[in-house]
Amino acid sequence: MTDASLRVLGIRHHGPGSARAVAAALAAHDPDIVLIEGPPEADALVQWVGRGLQPPVALLSYVVGDPTRAAYWPFAVFSPEWQALAWAVQHHREVRFMDLPAAVTLAVRHEGGAKDPETLPEDPRFDTPDASDPPETGSDGDLGYENEDSAPPSERDQVRTDPIAVLARTAGYDDPERWWDDVVEARHGIDPFDAITEAMAELRQYAPPPRTNGEQLHQNRREAQMRTVLRAAMRDRERVAVVCGAWHAPALVGKLPPASQDAKLLRGLPKAKVATTWVPWTHSRLSATSGYGAGIASPGWYQHLFHASDHVVERWFAQVARVLRRHDLPVSSAHAIEATRLAETLAVMRGRPVAGLDEVQEAALAVMCAGAEPVLAFVTNDLVIGEQLGTVPDEAPLVPLDADLRQQAKSLRLPIVPEAKDLVLDLRKDNDRGKSRLLHRLRILGIPWGKTAYVTGTGTFKEAWRVQWQPEFAVAIVVASGYGTTVESAATACLIADLGPLSDITARIEQALLADLPAALPALITALDERAAHEADIAQLMEALPALVRSQRYGSVRGTDTSALGTVATGMLARVVAGLPAAIGGLSPEAATDLRPHLDAVSGTIGLLSDAAKALWLDAIRHVLERADVPGLLGGRLTRTLLDAGEIENMEARAALSRALSHGPSVIERAAFAEGFLAGSALLLIHDRAILTLVDAWLAELGPDDFTEVLPVLRRALGAYNKPERRALADRISVLDREAAPNEVEADLPLDELAEALETVRLLLGGAHV
């Protein structure tokens, strides 16, 4: 076969310019067969292209029997590989994938060898190897240095991690993304492949030596596999086209090394039994902001570049206007026209051939968003990233996570239906406990199939749920599959990823216990212990403590050992108690308002830890109240906490309230004490007329200005009461003037209404008629 019969198209993955150029090059070359970088297990899946398969989608390969060992190959409509697939299917040409088999990639990774292409530290634009890959021999390249040894070592290392940065710098650009967009992505009608192959050949011989032989061997095997498939295709077909990462293109052109040399590299490779399928993908999973290494920060913008054949900037701002109008923001045609002019002017000032994403974003911010970054965020999320879900035909195999979810739901007799259904689960039963476990795990993964509901009764062995399957859960399943291929493994990985502050960690521990994910607990407890030991903010400790304390009660019902949590919780409580007086004293009103819910949360859950812990907490509150610099809001709240816990009598609480209302430093501080004391439940005011009279008398003595000042504070405290409580309180207040407040708490019984009942009781006890 002559060189004219072979066309090697070195591409940038997910590049719209590359995708357009690939389609044009294939049309011009008209090959009999198209070879594409990717696992050969996908050859059998090409049949779905053009039969309901709509990008973004991804090829997924996973080890049968151990689906946690998996790899993805994503495609967007602007991916050159997808355009090659679409062209071949449309023109009835054969397609073969030519990278190492997924069976080898996953087996090698399991044995501790090189990683699969999706997790290698590569430049995703050119599919570059990692720093261990071998340099190619050849003539010296001219990259702007007299000799390669004169270049900074860090730049030579960058050849492997970011080759276009080196090319961009050689071209006089300080931003490699801008250089690539200017020379390829934003241009139409160019064929860049020969120039790219030549540039990559120069870079490969300029690259530094590899760090390890093992990773070098992996890269050599990948290219040996590509050449092996290429030789077979060249024997069988007259005209061949290859679509591969640009870094590999020089290894596939010119005189190839002997086939026996490549066969030796590929001999005896380990293999795993794998399954491969198509799965729906999303633009956000292609985005660099999602954490998945596809390296595309703006997939929506790239899709626009791919589809817009003319008036690219004008069409973009028309879409920006539609996005902002959907968010009820006023945008006119004049805004879009002026934004277009500004973007084009910026491009001219910066020496760019056309306006790029930077220019259109800056113009949108200045003209259409009035300089408001939060408004521009609508454009970024809805348009620049532009969430979109691909479609996989129903006949295609399921993603492993989806298959595992459906298998579990079937075994638990939990039907996946769109109708809402209420469940009350008894966690003492295996099947109900399995349902609870599945629903909790799905909630961790952002798949809220079930929402918890209130259940009557006491104890922790009952759970109430309302389950309802939504079609959009398909998106959540795709996103969650990035954490793992089974519900259990994905939920575990999700729980231990990107840990936040202490409160976040304790909340995750609670979720791990509810979802029965013991594998997540060691990492979470270790992180909790380490951060708690170094946390000096008492508010952070108090925010984290309640969830940790609540976790104690799940052990007996769910069969989980929570003793380690008890040790951590006890130590955390001791630190809270030690630092509480200093943390509360002298707080500003705003800081006191922020701290109050944390105090309430600790007080409401500390009894679940132990009697000794509860006594320690209440004793700490007593010591805090002895300070003179406790803010009124917190003083009232802590006094009410002691009253509700039975640590002080009503008379002592009345005395504290009387002192605060009579001798507080200001009328607003007095009102704050009342707010803290009275907030929560109205039962105290309803049933203790002495306290109600005390508050009523204080309010009656306020002048007009003081009353106006404290009214918002009291409204916050009393407005939270439910309607029956407010009605009962109003009834009590309406008769205060006709009743004297007793010195002691008296039984408040409607004796007139009970007269007949009392007479009946007297007769039953043997009395005579009156």
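Predicted model: local features only at pLDDT ≥ 70, side-chain atom pairs only at ≥ 80, totals over all residues.
Residues are numbered from 1 along each chain as its sequence is written, and side-chain values use heavy atoms, without hydrogens and water.

Helix α29 covers residues 667–678. Helices (H or I, at least four residues) and strands (E, at least two) are DSSP runs, numbered from the N terminus. From first C-alpha to last, α29 reaches 16 Å, close to the 16 Å expected (1.5 Å times one less than the number of residues).

Nine of the 12 residues of α29 are buried (under 20% relative accessible area, with exposed over 50% and partly exposed in between; 1.4 Å probe, protein chains only). Among them are V667, F673, F677 and L678. The buried residues pack against several helices, including α25 (589–605), α28 (650–663) and α32 (704–719). Contact means heavy atoms within 4.5 Å.

## A three-stranded sheet

An open sheet has the strand order β8-β10-β9, with antiparallel pairing. Strands pair if DSSP finds at least two bridges between them. β8 (421–426) and β9 (450–453) stand at the edges with a single partner strand each, so one side of each lacks a neighbour in the sheet. The twist averages 35° from one strand to the next.

β8 and β10 (residues 462–467) pair over six bridges. D422 has R466 in β10 as its bridge partner. Helix α17 (residues 430–444) packs on the sheet and touches β8, β9 and β10. The direction of α17 makes about 55° with that of β10 (axes are lines fitted to C-alpha atoms, for helices over the stretch in contact; angles run from 0 to 180 degrees between N-to-C directions).
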